[in-house]
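Hi everyone, and thanks for coming.

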Amino acid sequence: MFVTLDLRKHAEELVSTARLAPSLHNAQPWAFRVTARSVEVYVDRTRAVAVVDPDDRQMLIGVGAAIFAVRLGVSALGSEPTVSLMPGDERGDLAAVVSLGPDHLPSMAETRLLQHVPLRRTIRSRLDPDVPARTRSVLAGEAELEGAQLRWITEHAERGVLSRLVTAAERREQADPKFQHELARWVGGEAPLYGTGLPEAVLGVSAKAGHEADFPMRDYAGGRRRLSSSPGRPERDPVIAVLFTDGDRPVEWLRCGQALMRMLLWASVEGLAASYLNQPLELPDLRTRVRDDLDLPGFAQLILRFGRPVSGLPLPTPRRPVAELLRR
């Protein structure tokens, strides 16, 4: 047992890494308490995106992604992390406890993943859909290591079905005043000044170009005029995958988030990036349709678009200060 390691001495380092995890609208719904031998990861429900995520499903997926980043940080310090998910009430705020385990020499793979935490980006502009079969297999295998499964949507009929569901969901959400009001809170304006939300510079292609794509992109501006957008249109025949889990309870959502983070970091290592087409999963009837129409042996949690960034990486999205995230 690594008895000399005191995680409190590395608290800022661990949280600085974990806060770079992806989350719905970059809301960053997490907080951390670091003790000598563990990192407690909490759900910060003041960061809820309640209209689009009323069950906190996507919130917990984001927290799960942060948990995986904490695991990488603990591993880099020389200890094999042990994780207890939802150690109390599953609706409580304590999502996980990541504790010190046996002495551990970080593998080359773990080191590379940790190096790519600050390099990972969500790319909403054009992607080159060059994702080799070997890489697809690797990403699916990484998801399975965390208890999730990745289905690549390659068959023409399945792609048509999913495209129509994304289109229907995007139309319904854009027509919903409550959805639009919530979106405006997190996109542009003053939100990035407080270290959260999405600045206009990362919203990708214009709303018109995004809506004309085979798999319509979300109009984050909600029909409002944007000051800037990425030139051109999204790629034809994008590479699409659905990440799903066997169960559909909070603990599975946390596992899904860890699978997502592991997978996105491996994608970054391979020179890839991703964005999301989650609109139909945010509407209960269409989420059921995704599962049924694709004949998934589980519950769809995320719809992802993968590829190689064509125009380089955008600037990182804003992040909340470490001091704001640390509980004493």
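This is a predicted model: local features need pLDDT of at least 70, side-chain atom pairs count only at pLDDT 80 or more; totals for chains, interfaces and linings use all residues.

Now, who is the partner of R308? Its side chain meets that of D130 in a salt bridge, at 3.8 Å from N to O.

In general, side chains of opposite charge can pair when their charged atoms come close. How many salt bridges does a search of the whole structure find? The count is 21, and I'd like to show you a few others.

Please look at R233 and E212. Their closest N and O atoms are 3.7 Å apart, and they form a salt bridge. Both residues lie in the loop between helix 7 (207-211) and strand 7 (239-245), so this pair ties together parts that are 21 residues apart in sequence. R233 has 46% relative accessibility and counts as partly exposed; E212, with a relative accessible area of 39%, is partly exposed as well.

Next come E324 and R320, whose side chains meet in a salt bridge at 2.8 Å, N to O. Here E324 is partly exposed at 44% relative accessibility, whereas R320 is buried, at 4%.

There is also a group of four: R71, E142, E146 and R262 are linked in a network of salt bridges.

Let's turn to some helix packing. At what angle do helix 2 and helix 3 pack? The angle is about 125°, and the axes of helix 2 (residues 57-76) and helix 3 (residues 108-115) are 10 Å apart. The two helices are therefore oblique to each other, and helix 2 passes helix 3 in a left-handed crossing.

Which residues make this contact? From helix 2 we have F68, L72, G73, S75 and A76, and from helix 3 we have E110, L113 and L114. Sorted by type, the residues of the contact are 5 nonpolar, 2 polar and 1 charged.

Methods
Residues are numbered from 1 along each chain as its sequence is written. Side-chain values use heavy atoms; hydrogens and water are left out. Axes are lines fitted to C-alpha atoms, for helices over the stretch in contact, and angles run from 0 to 180 degrees between N-to-C directions. Helices (H or I, at least four residues) and strands (E, at least two) are DSSP runs, numbered from the N terminus. Angles under 35 degrees count as roughly parallel, over 145 as roughly antiparallel, 65 to 115 as roughly perpendicular and the rest as oblique. A crossing is left-handed if the near helix is turned anticlockwise from the far one by less than a right angle, and right-handed if clockwise. Contact means heavy atoms within 4.5 Å. Ala, Val, Leu, Ile, Met, Phe, Trp, Tyr, Cys and Pro count as nonpolar, Asp, Glu, Lys and Arg as charged, and the others, Gly among them, as polar. Buried means under 20% relative accessible area, exposed over 50%, partly exposed in between (1.4 Å probe, protein chains only).
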